[in-house]
Amino acid sequence: MRGVTVLGASGSIGVNTLDVLARHRDRYHVVGLSGNTDVARLVEQCHVHHPQYAVMADAVAAEQLRARLRSVDSAIDVLSGAEGLADIAAHADVHVVMAAIVGAAGLQPTLAAVRAGKRILLANKEALVMSGRIFMEEVQRHNAELLPVDSEHNAIFQCLPIGRERDLEGAGVRRILLTASGGPFRTAALESLRTVTPAQACAHPNWEMGRKISVDSATMMNKGLEVIEARWLFDAAPEHIQVVVHPQSVIHSLVEYVDGSILAQLGSPDMRTPIACALAWPERIEAGVARLDLLQVARLDFETPDITRFPCLRLAYEALARGGTATAVLNAANEVAVQAFLAGRIGYTVIAEVVEGALSEISACEAESLAVILEADEQARAVAAELVAARETRTSL
Ligand code: NAD
Ligand code: MG
């Protein structure tokens with residue numbers, strides 16, 4: 001029996017992870033679950049999965065959860081805050097940690113799992129975008145096992161020879177082809193993008209996801225973040241990572257080798273496949289996913305991404321080229337802008353403008369320590385908040 005902690009249990013990836021775990025109660029038991037403010041969801045999950053610990057990042061929510069669980073299941077220890085998250089990530093009974101908190105908030109709890117040498121199923125791509133070099137050094141230092149859950153990276157991982165995931169040249173890899181659906185606005189008239197609503201941006205054609213990553217998919221910032229994620233996960237040079245738009249989301253990514261072979265991983269667009277793959281690797285377990293019917297798919301299309309339509313993709317490549325803290329700035333400014341868009345404060349096309357503004361206002365420096373990275377994150381949030389406020393005023397005039 002392997003003990004599992006699910007960080008971000010109440011989110012989209014968290015719910016999918018618990019669904020897979022519930023199919024294999026003979027192999028896994030849940031040690032820790034975490035949420036932020038979503039008490040009702042955690043109560044429900046505690047009922048079903050009986051973890052040893054439940055953590056709410058928010059202290060008030062933790063108090064509420066404690067009160068609600070007292071009458072039902074008093075054996076569950078309720079913790080809170082950054083400390084609680086780190087505790088369930090590093091706990092001695094835990095073998096596997098699903099890192100599925102969204103955004104920069106996921107960095108420290110995921111690092112706690114890394115430093116405890118766990119098997120980490122990495123959904124939280126923002127951690128690598130912010131601190132790729134340091135994060136990967138910590139993985140090596142603590143002998144942690146890092147398995148990608150992001151569907152593209154999981155696909156690439158499956159297409160690489162076992163044990164050579166960070167030795168692309170030695171493995172004879174020419175390039176990585178990262179597929180992208182193009183999101184809901186791939187073919188929308190450019191003028192119409194200005195008035196896009198949060199509901200439209202979150203209506204992804206193929207995937208059901210949390211709201212932040214749904215907006216990132218619409219702007220293609222998500223693909224930009226994934227290029228950076230791939231750079232660190234596979235120690236790949238940016239020029240060896242190519243983004244290919246593939247609207248059907250059936251091929252989850254590909255690896256091209258020097259002999260001309262291209263290997264691809266295909267499947268239904270359902271995150272339970274990469275979750276189950278990373279959970280049981282190198283074994284395979286049932287994931288509850290609908291089988292892919294190639295005859296029904298019938299055709300596969302490929303296009304070059306349109307940088308005019310998706311300026312966020314360009315900004316991500318630029319931040320990666322600049323290096324150092326620039327990718328942390330990109331990520332933080334994007335989080336602030338997406339939140340403002342979802343709150344109805346700024347228009348959809350302003351997201352890229354805020355990120356571009358923050359990148360040009362803040363000069364990048366060497367990402368030499370976590371403290372330096374967190375400082376850049378904070379600075380970028382302040383600058384982005386100012387840019388949002390300025391744009392908001394202009395819109396309402
Ligand atoms: P979500 O919004 O559905 O869930 C986010 C989770 O994080 C929730 O459990 C929430 O309570 C928790 N959380 C939010 N803010 C927090 C904070 N400040 N402190 C502690 N916990 C906090 O998001 P999601 O779609 O499940 O995505 C989670 C992560 O996985 C993201 O990094 C995303 O990029 C990545 N990812 C998601 C998908 C997908 O299909 N949903 C695919 C690939 C990668
Ligand atoms: Mg992805």
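Is the crossing of α13 and α15 left-handed or right-handed? The crossing is left-handed, a term used when the near helix is turned anticlockwise from the far one by less than a right angle, with right-handed used if clockwise.

1. Conventions. This is a predicted model, in which local features need pLDDT of at least 70 and side-chain atom pairs count only at pLDDT 80 or more, while totals for chains, interfaces and linings use all residues. Residues are numbered from 1 along each chain as its sequence is written, chains are lettered from A and ligands numbered from 1 in the order in which they are written, and side-chain values use heavy atoms, with hydrogens and water left out.

2. Packing of α13 and α15. Helix α13 (residues 311-322) packs against helix α15 (residues 350-361) at an angle of about 20 degrees, and their axes are 10 Å apart. Helices here are DSSP runs of H or I with at least four residues, strands are runs of E with at least two, and both are numbered from the N terminus. The axes are lines fitted to C-alpha atoms, for helices over the stretch in contact, with angles running from 0 to 180 degrees between N-to-C directions. The two helices α13 and α15 are therefore roughly parallel, given that angles under 35 degrees count as such, over 145 as roughly antiparallel, 65 to 115 as roughly perpendicular and the rest as oblique. On the α13 side the contact (heavy atoms within 4.5 Å) is made by Pro-311, Cys-312, Arg-314, Leu-315, Ala-319 and Arg-322, and on the α15 side by Ala-352, Val-355, Glu-356 and Leu-359. Seven of the residues in this contact of α13 with α15 are nonpolar, none is polar and three are charged; in this scheme Ala, Val, Leu, Ile, Met, Phe, Trp, Tyr, Cys and Pro count as nonpolar, Asp, Glu, Lys and Arg as charged, and the others, Gly among them, as polar.

3. Packing of α1 and α2. Helix α1 (residues 12-22) and helix α2 (residues 39-49) pack at an angle of about 10 degrees, with 12 Å between their axes, which makes α1 roughly parallel to α2. Val-15, Leu-18 and Ala-22 of α1 meet Arg-41, Gln-45 and His-49 of α2 in this contact, which by class has three nonpolar, two polar and one charged residues.

4. Surroundings of α1 and α2. Within α2, the residues Val-39, Leu-42, Val-43, Gln-45, Cys-46 and His-49 are buried, where buried means under 20% relative accessible area, exposed over 50% and partly exposed in between (1.4 Å probe, protein chains only). These buried residues of α2 pack against α1, β2 (28-35), β3 (53-56) and α3 (59-70), and just after α2, His-50 takes a positive phi of about 45 degrees. Thr-17, in helix α1, is buried with a relative accessible area of 1%; leaving aside neighbours within four places in sequence, Thr-17 is in contact with Val-6, Met-98 and Ile-275.

5. Magnesium site. The protein donors of the magnesium ion (ligand 2) are Asp-150 (OD), Glu-152 (OE) and Glu-226 (OE), at 2.1 to 2.2 Å from the ion. Donors are N, O and S atoms within 2.8 Å of the metal (3.2 Å for Na, K and Ca), and sites may look incomplete as water is not among the atoms. Along the chain, the donors of this ion follow the spacing D-x1-E-x73-E, and both Asp-150 and Glu-152 are buried.

6. Backbone points to inspect. The peptide bond from Trp-281 to Pro-282 is cis, with omega near 5 degrees, and Pro-282 sits in the loop between α11 (272-280) and α12 (294-297). Asn-143, although not a glycine, has a positive phi of about 55 degrees; Asn-143 lies in the loop between α6 (125-141) and β7 (145-148) and is exposed, with a relative accessible area of 66%. Asp-235, also not a glycine, has a positive phi of about 50 degrees, and this residue, in the loop between α10 (221-233) and β9 (241-245), counts as partly exposed at 42% relative accessibility.

7. Contacts of Gln-158. Gln-158 belongs to helix α7 (residues 151-159) and counts as partly exposed at 22% relative accessibility. Leaving aside neighbours within four places in sequence, Gln-158 is in contact with Gln-265, Cys-277, Trp-281 and Arg-284.
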